[in-house]
Each structure stands twice: as C-alpha cells, then as structure tokens.
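Welcome, and please have the viewer open as you read. We will walk through a few helices, a ligand site and some individual residues.

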Amino acid sequence: MATDFNLNDRSNLLNAIGETPIVKLNKVVPYNAAEVWVKLEGLNPTGSYKDRMAVSILSNALMRGDVKPGENVVEYTGGSTGTSLAFVSAVLDLKFTAVFSDAFSKTKQQSMEAFGAEVIVIESGDGNISPNLIQIMKNKAYELAEKPGTFYADQFGSPDIKKGYESLGMEIVNQVEGEVDVLCSAVGTGGALMGTYSGFVKSGMQPQLIALEPLQSPILTKGKGGSHKVEGIGLGFEPPFLDKEKLDDVRAIDQEKAFDMCRILAKEEGIFGGGSTGLNICAAIEIAKEIGPGKKIVTLNCDNGLKYLGSHIYS
Ligand SMILES: Cc1ncc(COP(=O)(O)O)c(C=O)c1O
C-alpha cells in the first residue's frame, strides 16, 4: 500500500532521491579564484532536485490524509516539478495532472506523460516564458483544483517544500571539507535555495547566501519581470519562499552567458545541465574571482542536460 511508504525501505525507488555527489570545478575557474563546488542534483531519479520536494509534498499529504491513493494531484509547471510529481505520484498510486506550456521543453512534457500524467498544454504564442503566460497556467490549475478528490500540490505555498530540500544542505556540509563561504543559486520559488540554506544552518554552518535571477527578468534586482528562456527561474513575481532578510546579495546574470556556460561545462568539466545550472555556475565563477583563493563557493546543478537536448541550448 502506498501509504505504508517507508523512507528506510530500500526496495522503494523513492529512496534513490538525494545523496547526490558533489564535485569541484577544475577547468573553468581561474587559478587565482575561490573553489567552486557543484552539487550534482541532475543525478536524482528524474534528473532534477525537484524530486526532493515532490516526495516531501506527496508523502506528507498522504500521511495527513489530504490526498488518498487513487485520487488526483494537480499543479501548473514548467515540467521539472511536474516530472518529479508525476514520478512520485506513479510510485505512490496517485494520478497527476500538469498544466504546462509549449514555452517549456517538449521532452519535459514527454517525461510527465511517460510517468502516466495527463498534460494540459497552454499555447505561449511566441515560445517565451512571460508573466502573463504563468498567470494563465495558474488560473487553469486553480480551476482544476476545485474538483472533488483533487489535491493541489501548491509548489508556491506548500510548507513541505523547504523541508524537502533541507537534506540537500545537510549532505553538502558532510561532503565538503571545512567551511563553505558562499551558497548561491537561481530562484524560481526560492524553495531549493532557502531549504538548502536551512539544512546548512541545521548542520551548524552559515555561509553567505546569494540569490540569482536572469538579467532578462530582474524582479529582485530591478523590480520588474520580463520574458526570457531560462526554464524554472525568473517567474516574474517575488519568489514566495525567498526570505530576503537572510540574503547577503542578489545578482542578475545574462541568459546568453548562462547558455554558453552550459555548452562549455559539458565539454570541459563533463557537467551536463540546463539553463539554470549554467546561470548558477556563471555567477559562482564571478563570485569566486571576487572573493579569491582559499574560499569555497557551493552552487547547484539543478537538473540534467538530457532534458534540454531538443531545446535551443544544445541544438
Ligand atoms: C531547472 C530549474 N532550475 C531552477 C529552478 C528553481 O527552483 P526553485 O523553484 O526551488 O527556486 C527550477 C524550478 O522549477 C527548475 O525547474
């Protein structure tokens, strides 16, 4: 029975989530800079750190009785969260409906469908992710969530999200020798960055915290969203989980530099990621040059480049 889900049961695929490796960048960081360490979250079962939040939301919802096996879960998604929710739903005997758009990569739609999800595609018109498009997707998801026997996963509000990412921070503290000076990562909801930071703090470490966004959608640095092509981040509204009081800095990075970095990373370091990973590493290298040798920066490889093979990044 799905509700008997047990984290210590090695026969359950959900236990393959987390405990990902971390690596130091060797070639793309100049010698007179700080070390940059990258947590390889693309090695989670669906190729994304979102698996951590999906298992946290759905296992807690089942435990509380907010959803029962056989019932439907709904969410609007650019596909990474959706794929993780579809995967976890499949294992836990739940149905999943994703409100998606053709502005996001087709392979993400196919992954959700492979895990048995129903995918409703909203036409973007120009292929860009824009605040208006996100609003239309949201309205559709809210409408579907009204149906009886439907659980709204609530990737922008669920209290289980940050908890799901705490393990990420705790793992890093165990993996990297000595102090981590800076933790930086791009924000969509801000759940991964704040949850990871909370894991650091629970392990007794408080690095500087730096949030990142695309220059083309600078809501945090300039108060204004815009259309861009970095999937999963720069959603055009304030990231709901971002606790600005805890931030030491916010940086906006040009998406073209992020996409160039994706291609360089795969060829030079063997790290194969999506646009948000490229953006994270551009910023981490920029910070590494500023703070100099003897310091350590950690950032995240948010997801696996395989998800973007059909997209503009790699074709
Ligand atoms: C590829 C990718 N990178 C980064 C993010 C941002 O993560 P968060 O919403 O936890 O801030 C997302 C979220 O959907 C994503 O899909």
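A residue is called buried under 20% relative accessible area, exposed over 50%, and partly exposed in between, using a 1.4 Å probe and protein chains only. Helices (H or I, at least four residues) and strands (E, at least two) are DSSP runs, numbered from the N terminus.

This is a predicted model, where local features need pLDDT of at least 70, side-chain atom pairs count only at pLDDT 80 or more, and totals for chains, interfaces and linings use all residues. Residues are numbered from 1 along each chain as its sequence is written, and side-chain values use heavy atoms, with hydrogens and water left out.

Let us begin with helix H4. Leu 133, Ile 134, Met 137, Ala 141 and Leu 144 are its buried residues. They sit on the same side of H4, because the arc they cover around the axis is only 95 degrees; that arc is taken from the directions from the helix axis to the C-beta atoms. Which strands do the buried residues of H4 pack against? They meet strand S3 (72–76), strand S4 (95–101), strand S5 (118–122) and strand S6 (150–152), where contact means heavy atoms within 4.5 Å.

The expected span of a helix is 1.5 Å times one less than its number of residues. For the 15 residues of H4 (residues 131–145) this gives 21 Å, and the end C-alpha atoms are 21 Å apart, so the two agree.

Helix H5 (residues 160–175) has its own set of buried residues, among them Ile 161, Gly 164, Tyr 165, Leu 168, Ile 172 and Val 173.

## The ligand site

Now turn to the ligand. A residue is near it if one of its heavy atoms lies within 4 Å. There are 17 residues around the ligand, of which Tyr 49, Lys 50, Gly 188, Thr 189 and Ser 276 come nearest.

| Residue and its atom | Ligand atom | Distance |
|---|---|---|
| Lys 50, polar side-chain atom | oxygen | 3.0 Å |
| Gly 191, polar backbone atom | oxygen | 3.5 Å |
| Ser 276, side-chain N or O atom | nitrogen | 2.7 Å |

Taken alone, the ligand exposes 390 Å², and the protein buries 96% of that. Accessible areas come from the Shrake-Rupley method with a 1.4 Å probe; for residues, only the protein chains shown count as cover.

## Buried residues worth a click

Asp 303 lies in the segment after strand S10 (296–301). With a relative accessible area of 3%, Asp 303 is buried. Its side chain makes a polar contact with the side chain of Tyr 308 at 2.6 Å. Asp 303 and Gly 42 are 261 residues apart in sequence, yet their C-alpha atoms are 4.0 Å apart in space.

His 228 is found in the loop between helix H7 (219–222) and strand S9 (249–253). At 1% relative accessibility, His 228 counts as buried. The side chain of His 228 reaches the backbone nitrogen of Val 230 at 3.0 Å, and one of its polar atoms lies 3.2 Å from the backbone oxygen of Ile 233.

Ala 54, in helix H1 (residues 50–64), is buried with a relative accessible area of 0%. Not counting residues up to four places away in sequence, Ala 54 touches Ser 84, Leu 85 and Val 88. The C-alpha atoms of Ala 54 and Leu 85 are 5.2 Å apart, although 31 residues separate them in sequence.

## Two positive phi angles

Most residues other than glycine have a negative phi. Glu 19, in the segment before S1, is not a glycine but has a positive phi of about 55 degrees. Glu 19 is exposed, with a relative accessible area of 67%. Asp 93, in the loop between helix H2 (80–91) and S4, also is not a glycine and has a positive phi of about 60 degrees. Asp 93 is partly exposed, with a relative accessible area of 45%.

Terms used
A polar contact is a pair of N or O atoms within 3.5 Å; within protein, one must be able to donate a hydrogen and the other to accept it, and residues adjacent in sequence count only if both atoms are side-chain atoms.
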